[in-house]
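Work through the exercises below with the chain on your screen. Try each task before reading its solution.

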Amino acid sequence: MGGSLRVAVLGAPGVGKTAIIRQFLFGDYPERHRPTDGPRLYRPAVLLDGAVYDLSIRDGDVAGPGSSPGGPEDTDAFVLVYDICSPDSFDYVKALRQRIAETRPAGAPEAPILVVGNKRDRQRLRFGPRRALAALVRRGWRCGYLECSAKYNWHVLRLFRELLRCALVRARPAHPALRLQGALHPARCSLM
């Protein structure tokens, strides 16, 4: 028993979106950065908790934070990637998250959003404290938060595992007690 999930990986140019996806799918990391020329679509099958899921992973923005990032009705989960050394890339993610919230149709279920700080291998150059950013994203934006390093494959698998679990929890009908708990935190995706 499995299913299919549509995931959009979005963020500013050069933050490592493609590197994260390639590390997850192929276990490789491109040493030289080459800008992605337009959105790409990857269609892997993954095994999670004994079930096979067909993923559709869209890499990249079509037009940027000023326009629709891909309809929330066409996406089951979002990964918003920023570079921990670039405050501008964090502002870009902030604008994307806002646009996703604004373009969601009334009454439509919220797709989980996971904000990912990439380039953790460059920790000493980060622009802000991790705890403060994580608190802002989790409490203020009500999104999941995780940091990773595509270069060293640190937390890349965890990123996709947690994202899939959050998307699957939202997709399946819950026991009434869980629905009540979900009503208290409707947009929360907790990461441990």
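Helices (H or I, at least four residues) and strands (E, at least two) are DSSP runs, numbered from the N terminus. This is a predicted model, in which local features need pLDDT of at least 70, side-chain atom pairs count only at pLDDT 80 or more, and totals for chains, interfaces and linings use all residues. Residues are numbered from 1 along each chain as its sequence is written, and side-chain values use heavy atoms, with hydrogens and water left out.

**Exercise 1. The fold in outline**

Task: Give the number of helices and strands, and their order.

Solution. Start with the count: the chain has 5 helices and 7 strands. Now read from the N terminus: β-α-β-β-β-β-α-β-α-β-α-α. Next, check the contacts (heavy atoms within 4.5 Å). Take those between residues at least 6 apart in sequence: 72% of them join residues at least 24 apart.

**Exercise 2. Glutamine 23**

Task: Locate glutamine 23. Is glutamine 23 buried or exposed?

Solution. Glutamine 23 sits in helix 1, residues 17–26. Apply the cut-offs: buried means under 20% relative accessible area, exposed over 50%, partly exposed in between (1.4 Å probe, protein chains only). Glutamine 23 has 7% relative accessibility, so it is buried. Set aside residues up to four places away in sequence; glutamine 23 then touches Asp28, Tyr29, Ala150, Lys151, Asn153 and Val156. For the whole chain of 192 residues, 45% count as buried.

**Exercise 3. Arginine 131**

Task: Which helix holds arginine 131, and which surface patch includes it?

Solution. Arginine 131 belongs to helix 3, residues 130–140. Its relative accessibility is 67%, so it counts as exposed. Now the patch rule: members have over 30% relative accessible area and no salt bridge, and like charges are joined within 9 Å. A salt bridge is a side-chain nitrogen of Lys or Arg within 4 Å of a carboxyl oxygen of Asp or Glu. Lys and Arg count as positive. The charge of Arg is placed at CZ. Arg130, Arg131, Arg138 and Arg139 form a patch of positive charge on the surface.

**Exercise 4. Two positive phi values**

Task: Where do lysine 119 and histidine 155 lie, and what is phi at lysine 119 and at histidine 155?

Solution. Lysine 119 lies in the loop between strand 6 (113–118) and helix 3. Its phi is near 70°. Histidine 155 lies in the loop between strand 7 (144–147) and helix 4 (156–171). Its phi is about 70°, also positive, and it is not a glycine. Most residues other than glycine have a negative phi.

Conventions. Patches are made of residues with over 30% relative accessible area and no salt bridge: like charges are joined within 9 Å, nonpolar side chains (Val, Leu, Ile, Met, Phe, Trp, Tyr) within 5 Å. Accessible areas come from the Shrake-Rupley method with a 1.4 Å probe; for residues, only the protein chains shown count as cover.
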